[in-house]
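Let's take a look at a protein chain together. Here it is.

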Amino acid sequence: RMWVLDPDFDGASVSKLELDKIFESGGLPIAYLSIGEAEKYRDYFSKLDKSIIIKENPNWKGNFKIKYWNKQWQAIILSKVDELIALGFKGVYLDIVDGFYFFKDKKKRADQMVEFIAAIDKHASKSTKEFLIIQQNAPTLSEYTSKVELLFSTVDALALEDIFFFGEKEHDNPLIPQDYAFKAIKVYLSRGLKVFNVEYLKDKKMIKNYSELGAKASIIPLVATRALDGPLIFATELKK
């Protein structure tokens with residue numbers, strides 16, 4: 001199973017020993033890494049040139065939209081990738097890939113995002129032969145970028161949130177299918193890539209419904225709390 005871990009959130013650093021144990025037991029340790037926003041609670045934040053920080057994300061306090069094509073920012077991320085590889089991580093779970101959508105010139109910024117992801121992959125390949133690149137959200141990136149082949153030759157999987165259900169009180173809300181996501185999922189699947197999805201559900205009937213919907217969409221479904229502080233339910237197991 002894949003373990004997606006934040007390597008240093010809130011001062012609780014993951015150790016190489018812990019990652020080695022996960023890998024030796026058959027697990028695949030993958031590091032969470034935000035590349036489209038700068039996080040104030042990370043050690044790099046105080047060193048950032050303020051001119052590349054744009055504005056705070058109103059939905060996530062302490063997270064700031066950033067000019068991710070900036071050389072200083074990319075150097076910080078590549079340095080972080082080196083640290084992750086040295087620790088024993090086998091890949092990265094790249095968040096805020098959809099950061100390109102924040103800007104008016106979306107096509108240009110989409111190209112720069114794809115180039116950035118490819119640069120991460122190329123940099124990692126200097127240290128290890130097997131390093132997974134998992135794209136979190138932004139399923140329509142391939143529709144905006146002119147570098148489609150570069151994207152699909154770099155990314156190993158797509159991970160999504162909230163494509164079947166949405167809201168903190170899911171059991172009080174109707175099923176809201178995200179049609180744009182389903183269209184994009186088919187593109188990734190046609191390229192031979194795996195697609196993961198997480199829904200933040202509590203209601204048992206909805207979780208079972210989700211397992212069936214996930215099977216039809218050919219995705220790998222997971223249930224969790226939005227704060228990721230509760231149990232994980234692998235909805236594929238509900239079908240057995």
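## Overall size

What radius of gyration does the chain have, and how does that fit a compact globule of 240 residues? The chain has 18 Å, which agrees with the value near 18 Å for a compact globule with 240 residues. That radius is taken over C-alpha atoms, and the globule rule is 2.2 Å times the number of residues to the power 0.38. Along its principal axes, the C-alpha trace spans about 50 × 45 × 35 Å.

## Ground rules

This is a predicted model, where local features need pLDDT of at least 70 and side-chain atom pairs count only at pLDDT 80 or more, while totals for chains, interfaces and linings use all residues. Residues are numbered from 1 along each chain as its sequence is written, and side-chain values use heavy atoms, with hydrogens and water left out.

## How the chain is built

You'll find seven helices and eleven strands here; helices (H or I, at least four residues) and strands (E, at least two) are DSSP runs, numbered from the N terminus. Of the 240 residues, 48% count as buried, meaning under 20% relative accessible area, with exposed over 50% and partly exposed in between (1.4 Å probe, protein chains only).

## A stop at I233

I233 sits in strand β11, residues 233-234. Because its relative accessibility is 30%, I233 counts as partly exposed. Leaving aside residues up to four places away in sequence, I233 touches I207, P221, L222 and V223, where contact means heavy atoms within 4.5 Å. I233 and F23 are 210 residues apart in sequence and 21 Å apart in space, C-alpha to C-alpha.
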